[in-house]
Amino acid sequence: MRLLLCLCFLSLLACQQVDTEVQNELQQLKMQLQETEQALQKASNDEVTFIHTVFFWMKEGVNDEQKKAFEEGMAALAKVPTLYKVYSGPPAMTDREVVDNSYDYAWVCHFESKEDHDSYQVDPIHLDFIEKYKDLWEKVQVYDNTVSM
């Protein structure tokens with residue numbers, strides 16, 4: 001009888017230990033969920049408020065090597081610290097009457113504020129990019145817009 005009681009007691013202890021482990025794991029998962037929710041909330045609060053879009057038309061005769069160097073220059077330009085997000089590339093060549101596919105490269109960058117954009121304009125990386133590659137383009141068109149949504 002004592003043996004049976006001891007076995008029952010040990011079983012209860014084992015179940016209690018498993019229950020405690022499960023509760024600890026659940027608590028950790030709740031904390032992770034809370035952290036994730038906070039990160040998502042922060043991301044939605046860090047919305048972009050300024051977009052800078054630049055279209056480049058390269059000069060006739062610019063060769064593939066120069067285009068590759070220009071693309072590498074854009075990759076280096078993406079390291080300006082005030083940039084929030086950057087997209088670059090050639091036109092998608094979509095076939096619609098309202099689409100202008102005449103440019104060679106687009107540079108689209110998002111900023112968290114107009115002040116970040118203004119800082120980007122005088123950043124040495126940006127100024128160096130202009131100096132290095134200005135002889136490759138025939139035309140540059142810039143569109144800046146604020147984001148209200």
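Trainee: Hi! What does the secondary structure of the protein chain come to?
Mentor: Hello! The protein chain has four helices and four strands. Helices (H or I, at least four residues) and strands (E, at least two) are DSSP runs, numbered from the N terminus. Along the sequence, the pattern of the protein chain reads α-β-α-β-β-α-α-β.

Trainee: What should I know about the model itself?
Mentor: This is a predicted model, where local features need pLDDT of at least 70 and side-chain atom pairs count only at pLDDT 80 or more, while totals for chains, interfaces and linings use all residues. Residues are numbered from 1 along each chain as its sequence is written, and side-chain values use heavy atoms, with hydrogens and water left out.

Trainee: Okay, on to the sheet. In what order do the four strands come?
Mentor: The order is 2-3-1-4, in an open sheet with antiparallel pairing. Two strands pair if DSSP finds at least two bridges between them. Strand 2 (85-89) and strand 4 (137-146) are at the edges with a single partner strand each, so one side of each has no neighbour in the sheet. From one strand to the next, the twist averages 10 degrees.

Trainee: And how many bridges join strand 1 to strand 3?
Mentor: Seven bridges join them, and the two strands run antiparallel. Strand 3 covers residues 105-111, and Val-108 in strand 3 is the bridge partner of Thr-53. Strand 1 is also joined to strand 4, by nine bridges and again antiparallel. There, Val-54 stands opposite Val-142.

Trainee: Is strand 1 buried or exposed?
Mentor: Nine of the nine residues of strand 1 are buried, so the strand is largely enclosed by the rest of the structure. Buried means under 20% relative accessible area, exposed over 50%, and partly exposed in between (1.4 Å probe, protein chains only). Phe-50, His-52, Val-54, Phe-56 and Met-58 point one way from strand 1, while Ile-51, Thr-53, Phe-55 and Trp-57 point the other way. For the protein chain as a whole, 25% of the 149 residues count as buried.

Trainee: Let's pick one of those. Where is His-52, and what does its side chain make a polar contact with?
Mentor: His-52 is in strand 1, residues 50-58, and has 4% relative accessibility, so it counts as buried. The side chain of His-52 makes a polar contact with the side chain of Asp-144, at 2.5 Å. A polar contact is a pair of N or O atoms within 3.5 Å; within protein, one must be able to donate a hydrogen and the other to accept it, and residues adjacent in sequence count only if both atoms are side-chain atoms.

Trainee: Which residues is His-52 in contact with, leaving aside its neighbours within four places in sequence?
Mentor: Among them are Trp-107, Cys-109, His-117, Tyr-120 and Tyr-143. Contact here means heavy atoms within 4.5 Å.

Trainee: Switching to helices! How do helix 2 and helix 4 cross?
Mentor: Helix 2 (residues 64-77) and helix 4 (residues 124-133) have axes that come within 9 Å and cross at roughly 170 degrees. That makes helix 2 roughly antiparallel to helix 4. Axes are lines fitted to C-alpha atoms, for helices over the stretch in contact, and angles run from 0 to 180 degrees between N-to-C directions. Angles under 35 degrees count as roughly parallel, over 145 as roughly antiparallel, 65 to 115 as roughly perpendicular and the rest as oblique.

Trainee: Which residues of helix 2 meet helix 4?
Mentor: Ala-69, Phe-70, Gly-73, Met-74, Ala-76 and Leu-77 do, and they meet Ile-125, His-126, Phe-129 and Tyr-133 in helix 4.

Trainee: What about helix 3 and helix 4?
Mentor: The axes of helix 3 (residues 114-122) and helix 4 come within 5 Å and cross at roughly 50 degrees, which makes helix 3 oblique to helix 4. Tyr-120, Gln-121 and Val-122 of helix 3 make the contact with Pro-124, His-126 and Leu-127 of helix 4.

Trainee: Last one: what is the phi of Met-93?
Mentor: Met-93 has a positive phi of about 60 degrees although it is not a glycine. Most residues other than glycine have a negative phi. Met-93 is in the loop between strand 2 and strand 3, and is exposed, with a relative accessible area of 55%.
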